[in-house]
Each structure stands twice: as C-alpha cells, then as structure tokens.
Amino acid sequence: MMQAHVEQDDSAVTQILQLPPHEAALPRDGSSLVTVQPSVDPRLLGEILMSRGACGQDAVDMALKVQEERGGLIGDLLIQHNVISRMQLVQALGSQLGIHVQETVDEAAIDVSLVAHLSMTWAKENEVLPYVKNGRILHVLIANPMATGPIDDLRVVFDGAQVEPILVTPDVLNHAINHAFDRRARADQVVDDMEKGEAGVADVAMELEDAAKDILDEDDEAPIIRLVNSVLNQAAKEKVSDVHIEPMEKYVLVRFRKDGVLREVVRTSKKFQASITSRVKIMGNLNIAEKRLPQDGRIRIKVAGRDIDLRLSTIPTAHGERIVMRLLDKGSTTLDLKTLGMRPDVVEAIDGLVHRPNGILLCTGPTGSGKTTTLYSALMSINNPDINILTIEDPVEYQLEGIGQMQVNPKIEFTFARGLRATLRQDPDVVLVGEIRDLETAEIAVQAALTGHLVLSTVHTNDASSTYTRLIDMGVEPFLLSSSIIGILAQRLCRRLCNDCKVPHILTDLELEQLGLTRDDPELQQAKVFGAKGCPQCGMSGYAGRMGLHELLTPTEEIKRLVVQKLDAGAIKRAAVAMGMRTLLADGAYKIMQGRTTVEEVMRIANQDQED
C-alpha cells in the first residue's frame, strides 16, 4: 500500500477531469477546517512505533530481517505478522512526515462539489479524495503519504490551491470515496438537471459498457444514462428489493419496494420515457424495438464495489412499457439459518431434517417470502466436499460455491421435470428443485426421495398443512406423500421494529384476541411489547429490515394417517398443533412479545384464517 508513486506531469490532469481545470468546482462558502501543522519526527519508523508502545525491539528486528530477505516496507511487514494495526502504522507515519491523521471521517462534511468532475476510479487508484476547501486551502484525504503525484495534480486542478493532506486508513478512505460519489449520483439531483435542460437527451441506443464497471464511476454525460445509474445506485444503497419504473399519462414514476412496502422516489417528464425504457432494455439485452410483448432479462452491475444482479421484466401498458427490476445483492445476503429470524427450536429442527439421507423438505409461501433464501441457507449448512449437491432453478438467484446449479429454459423445453430427471443421473446426494408446479415434477421428486435422495423444493400454499392437499390435487398419491415428506416449512416476511425509535406498547384486549392470547398467558408476563413510531434512521416508517415468521410441520404417524385418508387441511393442521406445531400467527405473537415486531405487522402478514 505504501509504495512510492510515479509523479505525473500536468497533462495527466486532463485525464482526471471531465471538464477543463478552469471549470472545476468552486469552494463551498462557510466550510472550514482549522488545523495546526504537526511537527516532523526525524526518527526511524520502527523507533516511533516502539516509543508509542505499538511493538517491541524484537518485532522490529524480525521485520528488518524479513525485509533484508524478501524486501517490503517495515510497516507493512509488521501488519502482516499481526504485530501492529493499520491505524497504528498510519499514526506513526503521520508523526514521521508531519501530516495530520484522522481515525474517522465525518462523511456529512465532505464537500461533494469538490468531486463533481472527478473520476471515482482515479480517486481509488491514487488513494486521494478532496475533503473540504476553505479559501485557498484544500484539505485532502489520503491513504498513501508517498504518492505525491495526485497531490500535485489537485494543486493544478484547483488553480494553485494550497493542499493540506489528512492521512487516514485505506478502509476509511474507501468508505469516504464511495459516500462522496454516491451522494453525487442521487436520482432526484439528476432529474433536476434534466428538467433544467443542462444537457441534451443523448441517444441511448448504444453498446452496453462492461458489466464489471462500477456505475458510480461511469463518465458518460448523457442524462438518461446518469438517471438510470443513479436510480440503481440509490436502490442498492437503500437495500430495496424491487425498482418500479411506471409510465403514467403525464409523467414517469419511479418507486422502490423496501421491506415489502412501495414508496415513490422520483418523477420525471413524460418526454424522457422512451429513452429511459430503451436504456434499461439495452442493459438487459432486450429487444428495444418490441414494445407490444412482455420481455424478461437480466442485468449485472457493480455499485460501490458490490456485485448486484437484477431480474428485469417489462410489460406493455396503456401509457407505455412498465419496468420492474428485482435486486439480488450477492454481498448483502447472509446464507445462515440463524440469521433468518427463526426460533432456536425451528433452526435445530431444520438442521436435523437437512442432515437426513433422504426425503422431501418443502418450503411454502407467497412470492417474495424468502423461500429460496431459506433453502439456500439450508444447503449451505450441509455443503461440503463429501456431498454432491445439484439444483434446478428458475432463475439461478445466487451463485453458491461448490454446488452445481442449472437454470430451466422453457423455450427449449428444459423444464423442472426434465432437469430433475437429468440431475438424478448425476449421482446427487441432495437436489434442490426451484418449484413443484406440476404432477410430473412432483412424482419425480417423490420417487427421488424414496430412492435415497434428499430433495428440497417450494410449493405455493397458504400454510404448511395445505401443502398436502395441494399435492394431492395435482394427482400425487397420498400414500407416496406420507412416505416421502419429512418436513414442511411455511414462511412469511414481516417488518422488524426500528431499534432507534420503538416505543413501549400495552396490548389491548382486541389485540390479545387477534393473537390468540390471554392476560394470564405465561409468556405474556415476561413480554416486552413495543410499537412503531418513526425516525430519520428508518425513513419515518418505524421499521428497519425484515425477519421471517415460520410454521414447521414435521409429520407424525397420526398426520401420515390423516394424509392417507385424504382428510382436509384443517384436520391436518389441528393434529399438527396438538402435536406442538406453532402456527404462523403464534410465531408472530411470540416475536411481538420479544419486542421484535408489532401487532399490526403480524396481522397484515400472518394467515388469520384459523381453523376451529
């Protein structure tokens, strides 16, 4: 990291900027950063570290010996051997060179106008970020004090300003750079620029840039490209699940779905509709000339260093093509059963089921209820080199290391059933089938389970007990279901209370009745119930993030007997509850009493049609 930088001449500045130097950003009035230049410590770096108590003489001697044998810098060698921290090295370098050091950066204080015409790639490669400009003094964050070339470049760019470096760790600088360029790319700001006519609407029917390029760093000045990139950047930052671009009669509306709830983000003029639609379709490799038929595609982008996949869908409407993009953030999803909001007993039960040698484990719930994430988490808990795991999905949502994944393609008649047949000839131990939609897939899955394979799949039903009747309605023999199914997990997602603003709440008699509780309930005596209020941290919604409500049915002999007799879902549910199954509503009540969600949220999500 602390390598010498080859200085650039002034002509290199033109490669950094998108505008000539005299058009660079002006200083922001009122910004100030009062500093006193620290004195230079003439001692060697090792001596400074020892005087600060960061390491001893033995460690320095060891680093010197390694340096003599292999080369390298003393500070980096000490970090590699876990002798000192990166911050201790930065503080010692700051003392040695007489440079100010900051452990943290107030990201809100960064003057975004200073990076208005800079490239994020240049900032990251040179480990430098303009921070605050106060008159003729430009304060700059740096991570490499030996790299003087970028400092000289900025001095020229800002018309001979006096550059005062502030030394920070590479991690702190990277976060500051991402934050600065993220703020520069806000969707509402881009729309304002477009409406003011600061740039003409460029032709967006152009070749797509490299998918690996970070959209925060795209230099294209076409406002439509900037708008689409800024929408995707903002969606990734806010961790939304879906982006809706909806044409109305007189404007185009952009909405985000976060934690299951839609909200308006920005509106733009109707005149930009065709260009926005074309840009998104180009990114998804769709046919921009076809506007009469629905189309599906996929977009792969990088935002602030994070890889994100988007599932793209377009449909024709009365006012133009409607676009929905579902975001699949590979970096933000933790595939671990313990993080999904399950009760400890459910986690233990699921863990036991996925370690069974054979049988069918089904996950049921509506679209977007987290079924795939739950099954992926279950697979990852057993994923090791001793087991052959194969999946058939539509589409493959996350790449799982060590697992063979296939995607169905109905256009060439590669269906779930055909994929499952082929998979069984690949000597699998565990098979994940994205969804059981028809009798053929269901029968093959049952036969696979009965012949020594563990099968995981999903079915669309309202609760766990209804899964049996759904499969029987498809045409599967009841005795085969009773022999092969080892567990059914019904699942919903509800919003989690914001810890910064939740307020104590006393359950009313009506709420107790809705939850199936009484004042004498033992769990209620120890409960800590809260309500939603709203604060800036949660966008005034009162909620932050989501968690699962779960209903796990593990068939007993009594339940198997009821299935063979083709009794209705209500009878199966009553038997399962009598055997200890906690329903979705009961699990919601449990999480309300833990202070994790609210009555309103549980009643909105959980199945309220309780059988007598």
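This is a predicted model: local features need pLDDT of at least 70, side-chain atom pairs count only at pLDDT 80 or more; totals for chains, interfaces and linings use all residues.

Residues are numbered from 1 along each chain as its sequence is written, and side-chain values use heavy atoms, with hydrogens and water left out.

**Stop 1: the whole chain**

Show the cartoon. The chain has 23 helices and 19 strands; these are DSSP runs numbered from the N terminus, with helices being H or I of at least four residues and strands being E of at least two. Now colour by burial: 51% of the 612 residues count as buried. Here buried means under 20% relative accessible area, exposed means over 50%, and partly exposed is in between, using a 1.4 Å probe and protein chains only. As for contacts (heavy atoms within 4.5 Å), take those in the chain with a separation of 6 or more: residues 24 or more positions apart account for 67% of them.

**Stop 2**

Select Y468, L481, L515 and L553. In the largest nonpolar core, which has 56 residues, these four touch the most other members. Helix α15 (residues 439-450) supplies the largest share of this core, 6 residues. A nonpolar core here is a set of buried Ala, Val, Leu, Ile, Met, Phe, Trp, Tyr and Cys residues joined through side-chain atoms within 4.5 Å.

Then jump to L49, I79, I84 and L118. They are included in a second, separate core of 53 residues.

**Stop 2: a cavity**

A search of the whole structure turns up 7 cavities of 30 Å³ or more. The method uses a 1 Å grid over the protein atoms alone: a cavity is a set of points where a 1.4 Å probe fits but cannot get out, and lining residues have an atom within 4 Å of a point. Points are joined across faces, edges and corners, and the volume is the space filled by probe spheres set on them.

Go to the second largest cavity, with a volume of about 60 Å³. To see its lining, select L227, V228, V231, I245, V254, V266, T268 and I276. Two elements give two or more residues to that lining, α10 (223-238) and β7 (261-269), and α10 has the largest share with 3 residues. By class, the lining has 7 nonpolar, 1 polar and no charged residues. For that tally, Ala, Val, Leu, Ile, Met, Phe, Trp, Tyr, Cys and Pro are nonpolar, Asp, Glu, Lys and Arg are charged, and the others, Gly among them, are polar.

**Stop 3: salt bridges**

Side chains of opposite charge can pair when their charged atoms come close. The rule for a salt bridge is a side-chain nitrogen of Lys or Arg within 4 Å of a carboxyl oxygen of Asp or Glu, and the count comes to 24.

Select E238 and R263, whose side chains meet in a salt bridge at 2.1 Å, N to O. E238 is in helix α10 and R263 in strand β7, so this pair ties together parts 25 residues apart in sequence. Is E238 buried or exposed? E238 counts as buried at 18% relative accessibility, whereas R263 is partly exposed at 35%.

Next, D76 and R86 form a salt bridge, with the closest N and O atoms 3.3 Å apart. D76 sits in helix α4 (residues 74-80) and R86 in helix α5 (residues 86-97). D76 is buried at 13%; R86 is partly exposed at 27%.

R300 and D309 make another salt bridge, also with a closest N and O separation of 3.3 Å, and D309 is buried at 3%. Finally, select R343, D345, D587 and K591, which salt bridges with shared partners join into one network.

**Stop 4: two loops**

Most residues other than glycine have a negative phi. Select D159, in the loop between α7 (149-157) and β4 (162-167): its phi is positive, near 55 degrees. Then select D259, in the loop between β6 (251-258) and β7. D259 has a positive phi of about 55 degrees and is buried, with a relative accessible area of 15%.

Definitions and conventions:
On a 1 Å grid over the protein atoms alone, a cavity is a set of points where a 1.4 Å probe fits but cannot get out, and a pocket is an open set with protein on both sides within 12 Å along at least five of seven lines; lining residues have an atom within 4 Å of a point.
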